[in-house]
Every structure is written in C-alpha cells, then in structure tokens.
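Here is a friendly look at the charged side-chain pairs in this model. Have the sequence and the 3D view ready as you read on.

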Amino acid sequence: GKIGLIYIDPPFASGLDFSVTAPFGDLEDQAFKEQSLIEEKVYRDTWGRGRHSYLSMMTPVLGVIRELLTPNGTLYLHCDWHVGHYLKVVLDELFGDENFRNEIVWHYPHMSNVRKDFARKHDTIFRYSKGDTWTFNLDDVREPYDQQTLKRYETAVVFPGGYEAKANPLGKAPEDVWRIPPIRNVSSENQNFPTQKPEALVERIIKASSNPGDLVADFFVGSGTTIAVAETLGRRWIGCDIGRFAIHTTRKRLLAIEGCKPFELLNLGK
C-alpha cells in the first residue's frame, strides 16, 4: 500500500529468451551473453507451456502489484496483440472492471513492407485504479490544440442548453490514442535495448498519475526508462528485472543523470 504508480512492460509471450548481444567500449565491439541459470529457469517457467504458463506467471504478479499500490494508486500495463486481450480479463478479475480507467493505444507510425495484412503499428496500455479515487494531473499532460480548433474557439462557443466552451490556455486534454514516435537508432536516448520504450511515452504516464516525491515502480525495468524518467521528474523509484543485461543497462543510464547515485542507493558494493 505504499506505491503510487506502477508501470510495467512485461514480455508479451513472444518466447524471447534472456541471451543478448551487447555493445561495449568505444569501438563498437560486441559480446554475446548467454542466459544465466536463473534466467533459464524463468524462461522455462514463463513460456515452457506457452500461453498457459505465461498467464500462470502474470496472474499472481498482478495480484501482488494491486496490493502494493496506495489506495489512490494506478497501474499501467503495457502489452500488444499477443496477450493483451487475455491480460485484460485477468486485470478485470483482480482490480474489478469498475476500476478500469482507459485502454490507451500507443500508435507509432513507421514504414512497413507488409503485403497481405494491415501493418501492426500500435501497442496497448491498460490503465487501472486500485479504488474509486486516483491521482490524475490533467493540466500536466495537456497537448496543443490544432490551428482549426483554435480558430473555432477564438471566442466562447455556446452549445444547446446554454453550455459555453472555450479553448483552455494550457491546451487540450489528451485522447486515448497517443501518437508518439518510436526510438530511432540515432536518438540520444537509445540504449541499444531491444524492448526500449521512448521517454516521452513514460513521461506522460508519470506526470499524469503521480506527484513529485511519490513512489513509482517498474518490475520489468528493461532499459530503465521508467526510473530514469522518474528520477528526472523528482519522483522516488523502485526498479527490478530478472535479466542481468537489463540491470546493467539501467545502472549505466542512471549514472548519466546528474546527481543520481544508483550504486550508493542500491548498496551494490562494486
């Protein structure tokens, strides 16, 4: 009951293992890292029996996550077409469908060479509150109006029934389709991590559903985007991951943030 916001981007039952080819040094060298014994066990337990074992892993995890949230806390679960519809059923059962707040579509337009299908260019983020109150800072995540809307609302518009509307000087409320570009290879935030998400995506989530000083957690921390953004926005954070490369990448990323001392905070010793 102490964490205000939890964002997780768990594996999507894609069968991906924990071995990785990682860059190191300044000469663009690479090294192949085999799975550790504990990573191999997690791999077998998570995907050994396909979707059934994946959901058997995720269901108790989501149950624990609900207990960790504050009474007004929020969960954002990032998934895609592989298992999103199955996880939605689990979330409705654990959180109650009355606490379902949004199905957010992250649309990332990009070139595609598909010929026999529509190009798959979106992920889904399910947003749930723990109870009937929740943190939501609308003014912190407003977006600019388009020029057509600004022109229409230069003066107040009166609707039937006497309702009067005008453009908010802070911008419009975001809709549930977020058009945020994916990370490009040349981007300064690129960590060469295969499942890395853009900081702009996570920043919107953290700004909307937490306040400075709140505790934010990510239990599939991957490249460390969640806690790196939380650090820069003045939130406290917890991040963990079973993958060694994920932890290495995250620590290195945190060290690049001025004033952040992840080695000291985690008491790693080396």
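Let's start inside helix α5, where K207 and E203 are four residues apart, which means that about one helical turn separates them. Helices here (H or I, at least four residues) and strands (E, at least two) are DSSP runs, numbered from the N terminus. K207 and E203 form a salt bridge, with 3.1 Å between the closest N and O atoms. That term stands for a side-chain nitrogen of Lys or Arg within 4 Å of a carboxyl oxygen of Asp or Glu.

A word on the ground rules: this is a predicted model, in which local features need pLDDT of at least 70 and side-chain atom pairs count only at pLDDT 80 or more, while totals for chains, interfaces and linings use all residues. Residues are numbered from 1 along each chain as its sequence is written, and side-chain values use heavy atoms, leaving out hydrogens and water.

D9 sits in the loop between β1 (3–8) and β2 (20–24), and K197 in the loop between β9 (177–179) and α5 (199–209), so their pairing ties together parts 188 residues apart in sequence.

Are D9 and K197 buried or exposed? Both are buried, that is, under 20% relative accessible area, where exposed means over 50% and partly exposed lies in between (1.4 Å probe, protein chains only). K172 is partly exposed at 24%, as is E175 at 48%.
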